[in-house]
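Hi,

Here is the structure I promised to pass on. Have a look at it first, and then read on for what turned up when I went through it.

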Amino acid sequence: MKISMIQNHARPDRAANLARVEAMMEEAVKTDSPDLIVLTEYFELYGTGVSEKLAAAQPAPGGEAYAMAQNFARKHGVYVHAGTIMERVEGENRIYNTSFVFDRDGTEVAAYRKIHMFDIETPDGMVFRESDSVKPGDEIVTYDIDGMKVGCAICYDIRFFELFLQLERAGCDIIVLPAAFTLQTGKDHWELLARSRAVETQTYFVACGQTGTNIVDGVPKACYGHSLVVDPWGHVIARASDGEGFVTARIDPAQIKRVRNLIPMTQHRRLACN
């Protein structure tokens with residue numbers, strides 16, 4: 001199986017963002033023929049304030065980003081893990097930050113709503129309050145592709161091992177994490193956490209991150225990028241360069257089996273979270 005990650009710099013122009021992302025998806029299909037394409041968190045629109053985000057959210061199914069990903073999957077016969085899309089929640093003043101996944105026929109096969117909210121102050125003093133505009137989800141989500149099980153997570157989720165233990169227990173072979181990781185935390189923690197989650201779960205860990213800087217309410221906010229794939233032994237087997245682009249990795253089921261046979265963690269585990 002081959003997985004291509006599309007690393008983009010989304011700005012406050014949905015149409016332009018979608019056009020760039022789709023062009024990179026087309027190039028990935030042309031050059032690498034992936035089975036699964038993964039997009040970033042907020043690939044459709046980023047760099048807006050809270051009020052603009054709420055106004056831009058669209059119902060799902062529906063909306064330009066949902067339709068683009070669904071139609072692309074159907075047209076090219078490829079699975080599309082559509083990063084995250086701003087999903088309108090009727091009767092709420094918050095949205096869901098949702099990963100939608102489409103199979104080769106364009107059928108929606110998964111919808112994961114981000115569980116953990118990024119409410120922090122970074123080391124350089126920038127404040128993020130994701131919960132002001134995003135309603136957390138509460139469901140563990142997996143889907144199957146060509147005999148392999150894929151688990152879903154989003155950005156800040158990466159810091160909460162309890163989620164990944166549940167995905168490991170669910171039998172996942174691959175975990176996909178779209179992100180818009182901040183530069184300040186990403187330079188120290190992005191690769192460290194991705195490799196840790198891969199080793200802990202003995203899965204391929206696919207982390208697809210936004211790149212670039214946007215000005216939000218007069219403050220520059222930079223995303224780290226550096227999308228990467230880690231194998232079950234903890235080796236980084238693919239990594240995107242700086243800037244927009246795509247990178248492809250090959251997933252080897254035999255490597256998963258080899259690692260799990262070498263260190264049978266599921267048999268040895270004695271203490272586990274509920």
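Before the first finding, one cut-off: I call two N or O atoms a polar contact if they are within 3.5 Å, and within protein one of them must be able to donate a hydrogen and the other to accept it. Please also keep in mind that this is a predicted model.

Is Asn 17 buried or exposed? Buried means under 20% relative accessible area, and Asn 17 has 1%, so it counts as buried. Leaving aside residues up to four places away in sequence, Asn 17 touches His 9, Ala 10, Arg 11, Phe 43, Glu 44, Leu 45 and Tyr 46.

Asn 17 belongs to helix α1, which covers residues 14–32. Does the length of α1 agree or disagree with what its residue count should give? With 19 residues at 1.5 Å a residue, the span should be 27 Å, and the end C-alpha atoms of α1 are 26 Å apart, so the two agree. The buried residues of α1 are Arg 14, Asn 17, Leu 18, Val 21, Met 24, Met 25, Ala 28 and Val 29. Looking down the axis of α1, these buried residues fall within an arc of 140°, which means they line one face of the helix.

At its start, a side-chain oxygen of Asp 13 comes to within 3.3 Å of the backbone nitrogen of Ala 15. After α1 comes Ser 33, with a positive phi near 50°.

What do the buried residues of α1 pack against? The list is β1 (2–7), β2 (36–38), α2 (50–56), α3 (64–76), β3 (79–88) and β16 (245–250).

Several of those strands belong to an open sheet of 6 strands, in the order β5-β4-β3-β2-β1-β16 and with mixed pairing. Its edge strands are β5 (108–113) and β16, each of which pairs on one side only. On average, neighbouring strands of this sheet are turned by 25° against each other, ignoring direction. Helix α1 packs on the sheet through contacts with β1, β2, β3 and β16, and the direction of α1 makes about 150° with that of β1.

Within the sheet, β3 is worth a look of its own. It is mostly covered, with 9 of its 10 residues buried. On one hand, β3 pairs with β2 in the parallel sense over 3 bridges, and Val 38 stands opposite His 81 in β3. On the other, β3 runs antiparallel to β4 (residues 95–102), and 7 bridges join them. Among the facing residues here, Ile 85 stands opposite Thr 98 in β4, and Ala 82 has Phe 100 in β4 as its bridge partner. The hairpin of β3 and β4 has 6 residues between the strands, and in it Gly 91 takes a positive phi near 80°.

Finally, a few backbone spots to check in your viewer:

- Ala 60 and Pro 61 are joined by a cis peptide bond, with omega about 0°. Pro 61 is in the loop between α2 and α3.
- Tyr 42 is not a glycine, yet has a positive phi of about 55°. It sits in the loop between β2 and α2 and, at 4% relative accessibility, counts as buried.
- Asp 146 is not a glycine either, and has a positive phi of about 50°. Its place is the loop between β8 (142–145) and β9 (148–152). At 49% relative accessibility, Asp 146 counts as partly exposed.

Over to you, and cheers!

Conventions
Residues are numbered from 1 along each chain as its sequence is written. This is a predicted model: local features need pLDDT of at least 70, side-chain atom pairs count only at pLDDT 80 or more; totals for chains, interfaces and linings use all residues. Side-chain values use heavy atoms; hydrogens and water are left out. Helices (H or I, at least four residues) and strands (E, at least two) are DSSP runs, numbered from the N terminus. Buried means under 20% relative accessible area, exposed over 50%, partly exposed in between (1.4 Å probe, protein chains only). Contact means heavy atoms within 4.5 Å. The expected span of a helix is 1.5 Å times one less than its number of residues. The arc is that of the directions from the helix axis to the C-beta atoms. Two strands pair if DSSP finds at least two bridges between them. Axes are lines fitted to C-alpha atoms, for helices over the stretch in contact, and angles run from 0 to 180 degrees between N-to-C directions.
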